[in-house]
Amino acid sequence: MKQEEKSKIKRDAIIKATLALVNSNGFHATPMSKLAKLAGVSPGTIYLYFENKQDLVNKVYLEVKEKFTKYSFVNYQPELEVEENFKDMWYRIAAYKLKEIDEALFLAQCDNTPVVDENIRQEGIVHLTPLIEVMHKGKNEGIIKDISDYLLYAYTITPISFLIVMQNREAYNLDPKSIDEAYESAWDSIRK
C-alpha cells in the first residue's frame, strides 16, 4: 500500500473517531488521547493532520458540511419552480441525515454550540447557498413568507435534525409517513 493511501486511511480513521466520540461524549469530553486510541493511531499522528483540537473540530465540521450539502443540493436547478427545488432539497437533506447518522448528529451539535469558530461557521453557511437562493426566489415571487433566512431554516431544516436525534434515542420512528408529514409541516410553515 502506498504511503498516500495509508495517510488517507489514518486521517479518515481520525475523522470517524472524532464523529463517534463527539456524538457520544460531547466536544469537551473528547480528549486527543481517546481519539487516537479509537482511531488506532498514536496521539502524535493526529497532529500530522490537524494543528490542535480546535483545528480538528473546525476541519471536520467543514468537511462534513460540504459532503452534506453536495448530496442535498445535487439536483438544484435555479430555473425550476420554488416548491419543486425546495421539496427535492428537503427530502435529500432528510435522506442524507438518516443515512449518515454520525455526521448528522455531529452537525446538529456544531449548530448548537460555540465550539466551532465563527469564521468557520460562516464558511459552512456558504455551502447552503442553493437553499438560500430557493428561499430568496420564493420570497421574491410571493410564495414563501418574507421573514429571516434563519427563521426559514429553523422552521424547515432544524425539525428534521431534531427528529433524527429523537430517532437515534429510540424515542421516535422516522418512517416514510412521518417523513412526509415532516415535509408537509415544514413547507406549510414557510409558504404564504
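These are my notebook entries on what I looked up in a predicted model of one protein chain.

**Entry 1: ground rules**

I am working with a predicted model, in which local features need pLDDT of at least 70 and side-chain atom pairs count only at pLDDT 80 or more, whereas totals for chains, interfaces and linings use all residues. Residues are numbered from 1 along each chain as its sequence is written, and side-chain values use heavy atoms, with hydrogens and water left out.

**Entry 2: the chain as a whole**

I began with the secondary structure and found eleven helices and zero strands in the chain, where helices (H or I, at least four residues) and strands (E, at least two) are DSSP runs numbered from the N terminus. Read from the N terminus on, the order of elements is α-α-α-α-α-α-α-α-α-α-α. Taken along the principal axes, the box filled by the C-alpha atoms is roughly 55 × 35 × 35 Å. I then looked up burial, and of the 192 residues in the chain, 43% are buried; buried means under 20% relative accessible area, exposed means over 50%, and partly exposed lies in between, with a 1.4 Å probe and protein chains only. The areas themselves come from the Shrake-Rupley method with a 1.4 Å probe, and for residues only the protein chains shown count as cover.

**Entry 3: salt bridges**

I counted nine salt bridges in the structure, a salt bridge being a side-chain nitrogen of Lys or Arg within 4 Å of a carboxyl oxygen of Asp or Glu. I noted three of these pairs in detail.

Lys8 and Asp12 form a salt bridge whose closest N and O atoms are 2.8 Å apart. The two residues are separated by about one helical turn, because they stand four residues apart in helix H1 (residues 3–25). Asp12 is partly exposed, at a relative accessible area of 36%.

Glu63 pairs with Arg11 in a salt bridge, with 2.5 Å between the closest N and O atoms. This pair links distant parts of the chain, since Glu63 is in helix H4 and Arg11 in helix H1, 52 residues apart. I looked up the accessibility of both partners: Glu63 is partly exposed with a relative accessible area of 32%, and Arg11 is partly exposed with one of 21%.

Lys59 and Asp55 form a salt bridge with the closest N and O atoms 3.2 Å apart, and both residues lie in helix H4, four residues apart, about one turn of the helix. Lys59 is partly exposed at 32% relative accessibility, whereas Asp55 is buried, its relative accessible area being 13%.

**Entry 4: side chains that reach the backbone**

I stayed with Asp55, which has its place in helix H4 (residues 53–72), and saw that its side chain also reaches the backbone nitrogen of Glu51, at 2.9 Å.

Arg121, in helix H7 (residues 118–126), is buried as well, with a relative accessible area of 14%. A polar atom of the Arg121 side chain lies 2.6 Å from the backbone oxygen of Thr113.

**Entry 5: Glu118**

Glu118 is also found in helix H7 and is partly exposed, at 46% relative accessibility. Its side chain makes a polar contact of 2.7 Å with the side chain of Gln122; a polar contact is a pair of N or O atoms within 3.5 Å, where within protein one must be able to donate a hydrogen and the other to accept it, and residues adjacent in sequence count only if both atoms are side-chain atoms. I also looked up the C-alpha separation of Glu118 and Asn58, which is 9.7 Å for two residues 60 apart along the chain.

**Entry 6: a patch of negative charge**

On the surface I found Glu83, Asp175, Asp180 and Glu184 gathered in a patch of negative charge. Patches are made of residues with over 30% relative accessible area and no salt bridge, like charges being joined within 9 Å. Asp and Glu count as negative, and the place of a charge is taken as CG of Asp or CD of Glu. Glu83 lies in helix H5 (residues 82–99) and is partly exposed, with a relative accessible area of 36%.

**Entry 7: Glu170**

Which backbone angle made me stop at Glu170? Its phi is near 65 degrees, a positive value in a residue other than glycine. Most residues other than glycine have a negative phi. Glu170 is found in the loop between helix H10 (158–168) and helix H11 (176–190), and with a relative accessible area of 75% it is exposed.

Technical notes:
Patch = residues over 30% accessible without salt bridge, like charges linked within 9 Å, V, L, I, M, F, W, Y side chains within 5 Å.
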